[in-house]
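Please read the following briefing alongside the sequence and the coordinates. It begins with the overall fold and then turns to a pocket and to several individual residues.

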Amino acid sequence: AEVEADAMQAMLPSSSKEFATSSFWDRFFTARSDVFEWYVEVKDLWPHIEDELTRAGGGVVTSLGGVLHLGCGNSSLGAALSARGIASLNVDFSELGLLACPDRID
């Protein structure tokens, strides 16, 4: 775990302004090829997402027109939504992050 933390630390930008550049995210997704979730895995977050989507959909999750996932990177959230019949539009300015999305459609 300590080695993983050191590797993650090495990927962090020298300035927070770099988070706003596609070149930073392209380097990030090149260095980290596995699916990356910022705070918690989708499976652990899903009950909370489902509650919110149910409320937004008037009691029926799949009645929503879809979910806009901004800054998705290569998150597995879009795949989780799709598996439950919910459309998602995954948007990111890192082409490499989008290419690595598990639910990517060519």
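Among contacts in the protein between residues at least 6 apart in sequence, what percentage join residues at least 24 apart? The share is 48%, where a contact means heavy atoms within 4.5 Å. This is a predicted model, in which local features need pLDDT of at least 70 and side-chain atom pairs count only at pLDDT 80 or more, while totals for chains, interfaces and linings use all residues. Residues are numbered from 1 along each chain as its sequence is written, and side-chain values use heavy atoms, with hydrogens and water left out.

**Fold and surface**

- The protein has five helices and two strands, these being DSSP runs numbered from the N terminus (H or I over at least four residues for helices, E over at least two for strands).
- Read from the N terminus, the order of the elements is α-α-α-β-α-β-α.
- Of the 106 residues in the protein, 30% are buried, with buried meaning under 20% relative accessible area, exposed over 50%, and partly exposed in between (1.4 Å probe, protein chains only).
- The protein has an accessible surface of about 7000 Å², and carbon and sulfur atoms account for 57% of that surface; such areas come from the Shrake-Rupley method with a 1.4 Å probe, and for residues only the protein chains shown count as cover.

**The largest pocket**

- The largest pocket has a volume of about 350 Å³, a volume being the space filled by probe spheres set on grid points that are joined across faces, edges and corners.
- Of the 19 residues lining the largest pocket, Glu37, Trp38, His69, Gly71 and Ser75 are the closest to its centre.
- A pocket here is an open set of points on a 1 Å grid over the protein atoms alone, where a 1.4 Å probe fits, with protein on both sides within 12 Å along at least five of seven lines, and lining residues have an atom within 4 Å of a point.
- α3 gives the most to the lining of the largest pocket, with three residues.
- By class, the lining of the largest pocket comprises twelve nonpolar, five polar and two charged residues; Ala, Val, Leu, Ile, Met, Phe, Trp, Tyr, Cys and Pro count as nonpolar, Asp, Glu, Lys and Arg as charged, and the others, Gly among them, as polar.

**Histidine 69**

- Histidine 69 is found in strand β1, and it is buried because its relative accessible area is 15%.
- The side chains of histidine 69 and asparagine 90 are joined by a polar contact of 3.5 Å, that is, a pair of N or O atoms within 3.5 Å of which, within protein, one must be able to donate a hydrogen and the other to accept it, with residues adjacent in sequence counting only if both atoms are side-chain atoms.
- Once neighbours within four places in sequence are left aside, histidine 69 is in contact with Ser75, Leu77, Leu89, Asn90 and Val91.

**Residues in helices and a loop**

- Phenylalanine 28 lies in helix α2 and counts as buried at 5% relative accessibility; its C-alpha atom is 8.3 Å from that of leucine 12, which is 16 residues away in sequence.
- Serine 33 is placed in the loop between α2 and α3 and counts as exposed at 66% relative accessibility, while its C-alpha atom is separated by 9.1 Å from that of glycine 97, 64 residues apart along the chain.
- Leucine 99, in helix α5 (residues 95-99), is partly exposed with a relative accessible area of 44%.
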